[in-house]
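I am opening my notebook on a new structure.

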Amino acid sequence: MGPYADANAEGQGDEDARKRAEAQAVVERAKKHCEADTAALTDIFQGMADDLEVMVGGERQWDKQALAERKRFKRPIVTSNRLKGAAKQVTGEVYKSRPSIRCAPADGAADPRTADVYEGIIRHIENRSMAQITYPMLVQSATHCGRGQIRLALQWSDEGKFDTPEQLERAFDMEIVQRLISNQFAVRWDKNAKDPLYADAEHCTVYAEVDQEEFKQAYPQAGAAGWAAASKWASSQSRWTSAGKIPLAEYWEVKKEPVRVVQMRHDRPSYGPDRGVDMFGQPLPREIEQPTGETTALADPSAAVLAEAQASGWSVVRERTAYKRTICMYLLGGSDVLAGPIYWPGQRIPIFTCHGEVMHVGEERIEHGIARDAAPDQRRLNLALSIETELVGTAPLNPYLVEDKMIQGYEDEWVLAGRQPAAYLRYKPGTNGAKPERVQPIPGNPGLQQMAANATDGVKAATGFYDASLGARSNETSGVAIDARDEQADTGAYVYGANLAATLQAMGQEMVNVIPAIYSRRQMVAILGRDNTPAVVNLEEMRAQGLGLDIGKYQVICSQGVNYQTQRDKDNDLLAKAADTSPDPFKPIFFKRLIANTQLDDKDEIIAEITAVGQMMGLLPPAAGAAPPMPGAPPAPAMAPPGLPPPGAPMPLPAGPEAAPPPMPPPMPMPAPAPGQGSGREAAFAAAMDEIIARRNGAAPRGMPPIPPPRAPAARTRVGAAGPPGM
């Protein structure tokens, strides 16, 4: 090897040593932060574990000492889990109407059409991530134990599909996905974070377990040394780990780089550039530039840049030290950094915690779900039911009072009689002809029934869900009373839905922060409309119109309420009532809106037929080339020429005092209703509809004018200036 090779080898060795030192420093920081964060969360995690034990039901709801005692003496153990019904009510509300993420402009450079595109991309991400399942599971975890975890991640769009040139071109395209963290104890947040959703956290540790064989295949260079020691800090309690699994840790860290920011304003006159000399060699006077009042900001300006700016009329208004945040992740295993740093293009650690109920006692933080306050009453109910079952079950097995000589020779028969029914029992008369007598059973204890009833009421009071809220029949009969009862139950559990909405709002804002970095360079991007209609947006056309995902600032609003389908059903009910109660001329209008709001396959054809009949009857304005009205129908109202008021409206007065208004036209005559029928207009409308149906079936009479062809559904075009379709 020559001198150059030796120098390169020496430089490579220094670089490797530097990387090893950095990796060791990362591992030490991760261990230090993990130990401190776990110590702060120990009480919260212990309470969460107890809540989960109660929610699971079965023998886990029992006190361990009481359970061991009853098992020892083979006494009945009865469990009646009354908590799952209340938890299902909370989760069911999310299944029925999950919160929706909305976007809106947040500065002057933003545009509502781009906000609609952001919404469509977020709905597309939710659809790919199965949000209809993950969101209810998230709030279910918060309801059960007080915490649920979800995260954002990046993945390749077409991983493993490189068979065509088009797929190869998309080899580096990435997608944003949502992933549920099923283990409630896997996330350890920075204990010094003050934000309720940990937006200000500077570090976070997320644990996962992988199979040993999978780990060896993925990281053959890591080896197996150090795993036993690593597992001590990788999990705070051994019951939260699985046998045969290797714990890994994602260590998220926010790196802050100080930046000196200087704000300047152009507030002083300054001289323009040197204009040279005149014909006599004298310098020409420089132009004076007047102050414009503009402001600008500079990052880490040097002294020379500041001096040049001040010479040009700029003055320093204020300055501060800001911090540039960089989010990165290291994958740790044992005492090594297996991968990283992996950078996240957002503004916070992409992990989001949905809380249950949170209380603060001084500096102590208490988190719990729906089972914490109801657990004592649930255990009391189980005990009362178990004792009652024991008394009822042992009544036929009460012993007999006998003398020794009464059962002498029949001992086996009497022993079996206490365990199973017998057709007869033999005995020998005792003193004075006495016979065996059974001990009277203990009479029913009304205290047990009262104890069970009180415990059941205690569970209802602690959870806020009573019988009517859980589906039991109540004395409410009107819809208003039933809705009021539902609202009372929702009020007790509204905190869980509100916390879910806050979590989704924070996650939606982070998606808005990340979307420009992932999707801005693409030509096309898939979206979903508010009615879940798929569409494709041409980003190049948007950029040609001065719009773009990276132009402007956008904010996220998470709205709670009924979902799109439920709202559409309510709208249909309103339209149907309006069509029933409105005057005749307005009925076709509501009918058209009602049909358009349905999911019928031939709704466009039905709307066209209603329009045709309405035009023939004069209930709707005629179209160009429309057919003549039906015989017996009232004449269609005359349409006003352009520039003139409609018929019946007063004409504008000409200039001059002698001008007089023209006479008003007489009202349109209406045909008299036939006996036993409605108005003539309604009868003609019904007759026209009957003939339309007959003509659709091939039985149209001769001489009838042709029906205008139904309007074909408009083809969806790619999004331009009018915004994405379906929004």
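**Entry 1: helix H4.** I began with H4, which has 17 residues and reaches 25 Å from its first C-alpha to its last. That is close to the 24 Å expected at 1.5 Å a residue. The expected span is 1.5 Å times one less than the number of residues. I take helices (H or I, at least four residues) and strands (E, at least two) as DSSP runs, numbered from the N terminus.

I noted that this is a predicted model, where local features need pLDDT of at least 70 and side-chain atom pairs count only at pLDDT 80 or more, while totals for chains, interfaces and linings use all residues. Residues are numbered from 1 along each chain as its sequence is written, and side-chain values use heavy atoms, with hydrogens and water left out.

**Entry 2: burial and ends of H4.** Buried means under 20% relative accessible area, exposed over 50%, and partly exposed in between (1.4 Å probe, protein chains only). Among the buried residues of H4 are Tyr118, Ile121, Arg123 and His124.

I then checked the N-terminal end. Asp111 caps H4 there, with a side-chain oxygen 2.8 Å from the backbone nitrogen of Arg113. After H4 comes Met130, whose phi is positive, near 55°.

**Entry 3: two loop residues.** Met130 is not a glycine, yet its phi is positive. I place Met130 in the loop between H4 and H5. At 38% relative accessibility, Met130 counts as partly exposed.

Lys74 also has a positive phi, about 55°, although it is not a glycine. Lys74 lies in the loop between helix H2 (64–72) and helix H3 (83–96). Is Lys74 buried or exposed? Lys74 counts as exposed, because its relative accessibility is 77%.

**Entry 4: the sheet.** I looked up an open sheet of three strands, in the order S3-S2-S12, with antiparallel pairing. Strand S3 (174–181) and strand S12 (351–355) stand at the edges, each with a single partner strand, so one side of each has no neighbour in the sheet. Neighbouring strands are turned by 25° against each other on average, direction ignored.

Two strands pair if DSSP finds at least two bridges between them. Strand S2 (residues 147–156) and S3 pair over eight bridges, in the antiparallel sense. Leu152 stands opposite Gln178 in S3.

**Entry 5: helices across the sheet.** H4 (residues 112–128) lies across S2 and S3, at about 55° to S3. Helix H5 (residues 131–145) lies across S2, S3 and S12, at about 150° to S2. Axes are lines fitted to C-alpha atoms, for helices over the stretch in contact, and angles run from 0 to 180 degrees between N-to-C directions. Contact means heavy atoms within 4.5 Å.

**Entry 6: the cores.** Which residues touch the most other members of the largest nonpolar core? Of its 78 residues, they are Ile121, Trp252, Ile351 and Tyr519. A nonpolar core is a set of buried Ala, Val, Leu, Ile, Met, Phe, Trp, Tyr and Cys residues joined through side-chain atoms within 4.5 Å. Helix H13 (residues 479–519) gives the largest share of this core, 13 residues.

A second, separate core of 10 residues includes Ala30, Cys34, Tyr207 and Cys328.

Definitions and conventions. A polar contact is a pair of N or O atoms within 3.5 Å; within protein, one must be able to donate a hydrogen and the other to accept it, and residues adjacent in sequence count only if both atoms are side-chain atoms.
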